Amino acid sequence: MFTKLWRRVRQRRPNATIVRTTFLAIVIVGLYALSDMHVTSMTKGEDVGKGNSLEKAPNCPCEKHGTWHFRTCFCHPGYTGATCCDKLQSSYDDDCVNIKQDITYDKDMEKTDIAAQCFHHPLTGVARVPLFLWSHAQENEKRVWYNHDSNVAGVGDRMLEHVEGFEGYRGVPQFLGNLVEIGAGPFTQTKYMVETRRHLNISHVTLVEPLAKEYMKNVADCTYKEGRLLSYPTTIISSKGEDFLQTKQFDTVVSMNVIEHVQDALVFLDNLYNSIKDGGTLIWHERYYMDNESADCALGDNKLHPIRITRHVIEPFLHMFDPLFYNVRQTLSMFFRSCNETGVYFIGRKRPSLNNNL
């Protein structure tokens with residue numbers, strides 16, 4: 001192709017400088033096109049350090065040192081590569097007892113304060129922690145709400161910030177039907193959503209919260225203290241989101257500011273997805289961080305918030321929904337905290353289920 005173009009240019013016999021410049025431009029454009037084709041084809045099977053692979057290596061399945069999550073292989077701490085078979089060069093401390101050939105998440109660690117370092121992965125952040133660390137965080141969470149200011153229930157857990165982030169919940173569909181809020185806390189976010197957007201059609205509310213029984217008993221202004229949220233028929237389930245296994249049972253799933261409090265972010269997101277009917281609605285907010293320093297600035301130490309994820313955990317999950325509302329602009333509170341945090345406020349419709357390697 002380049003030879004023919006060169007001959008045509010030579011036949012016209014223009015100025016020699018123009019000829020050389022024209023030919024050079026043609027060559028550069030051609031090389032750029034070839035380079036772009038190569039880059040495009042490579043991105044379909046990137047390394048975990050770049051975005052993970054969709055293919056399983058025959059001699060080293062993802063499950064050995066990783067977890068499949070919406071057709072993406074997420075590596076456990078200490079591993080990298082397309083199917084997580086390469087040892088990650090890192091500065092993990094010798095006291096990180098769980099960073100071994102096979103990670104166990106039910107074994108105590110000698111030093112709680114290094115857990116975030118031990119279970120941090122450069123691509124995903126801290127997406128999974130041992131059971132004991134999660135239980136420790138839950139105990140601290142109870143103490144916070146047992147001793148909270150009685151005025152907090154009037155504004156909930158970052159309620160006003162969420163109203164701002166969802167822009168008054170203007171993207172919420174009128175019909176919500178059979179609704180579940182997973183990670184309801186003592187006050188729920190559903191209460192403030194329906195008080196902001198009046199006349200929403202809700203037939204039943206299910207509240208899933210591992211500390212639900214304790215909150216009903218010990219938090220005076222718990223919004224479902226009497227076993228009912230507002231005037232809706234209500235079911236209350238005292239359970240972790242990771243243990244809440246319901247398949248396509250709900251028209252709407254609400255979950256806001258929860259993932260920082262779970263034990264396993266990937267299992268938690270899988271269960272959110274599985275519980276929604278095809279075509280159902282997700283009303284969802286979480287924050288993600290570029291690095292540990294940003295997370296520590298916004299969340300403090302890991303006594304209350306052991307999970308600190310990056311956008312690489314969020315993106316495969318949200319791609320399973322058609323967006324109705326999407327906002328990643330910082331709220332005023334985020335701006336004034338100056339912690340380099342990013343909040344995602346998202347409302348979407350679930351696409352028909354496929355085989356997603358959950």
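**View 1. The left-handed C75–C84 disulfide.** The torsion about the S-S bond of C75 and C84 comes out at about -90°, so this disulfide is left-handed. The two sulfur atoms sit 2.1 Å apart; for a pair to count as a disulfide here, the cysteine sulfur atoms must be within 2.5 Å. C75 is buried at 7% relative accessibility, and C84 is buried too, at 0%. The cut-offs are under 20% relative accessible area for buried, over 50% for exposed, and partly exposed in between, with a 1.4 Å probe and protein chains only. A quick word on the model: it is a predicted one, where local features need pLDDT of at least 70 and side-chain atom pairs count only at pLDDT 80 or more, while totals for chains, interfaces and linings use all residues. Residues are numbered from 1 along each chain as its sequence is written, and side-chain values use heavy atoms, leaving out hydrogens and water.

**View 2. The right-handed C62–C73 disulfide.** Here the sulfur atoms of C62 and C73 are 2.1 Å apart, and the 95° about the S-S bond makes the link right-handed. C62 belongs to helix α3 (residues 62-65) and C73 to strand β2 (residues 72-75), so the pair ties together parts eleven residues apart in sequence. Helices (H or I, at least four residues) and strands (E, at least two) are DSSP runs, numbered from the N terminus. C62 is buried, with 0% relative accessible area, and C73 is buried as well, at 0%.

**View 3. The C297–C339 disulfide.** A search of the whole structure turns up three disulfides, and one of them joins C297 to C339 with an S to S distance of 2.0 Å. With -60° about the S-S bond, this link is left-handed. C297 lies in helix α10 (residues 292-299) and C339 in the loop between α12 and β13 (341-350), so the pair ties together parts 42 residues apart in sequence. C297 is partly exposed at 42% relative accessibility, whereas C339 is buried at 4%.

View 4. The protein's mean pLDDT is 78, and 72% of its residues reach 70 or more; pLDDT is the predictor's confidence in each residue, from 0 to 100. Over residues 16-57 pLDDT stays under 50, and the model has 45 contacts beyond four places in sequence for them. A contact means heavy atoms within 4.5 Å. Where pLDDT is low, the predicted coordinates should not be read in detail.
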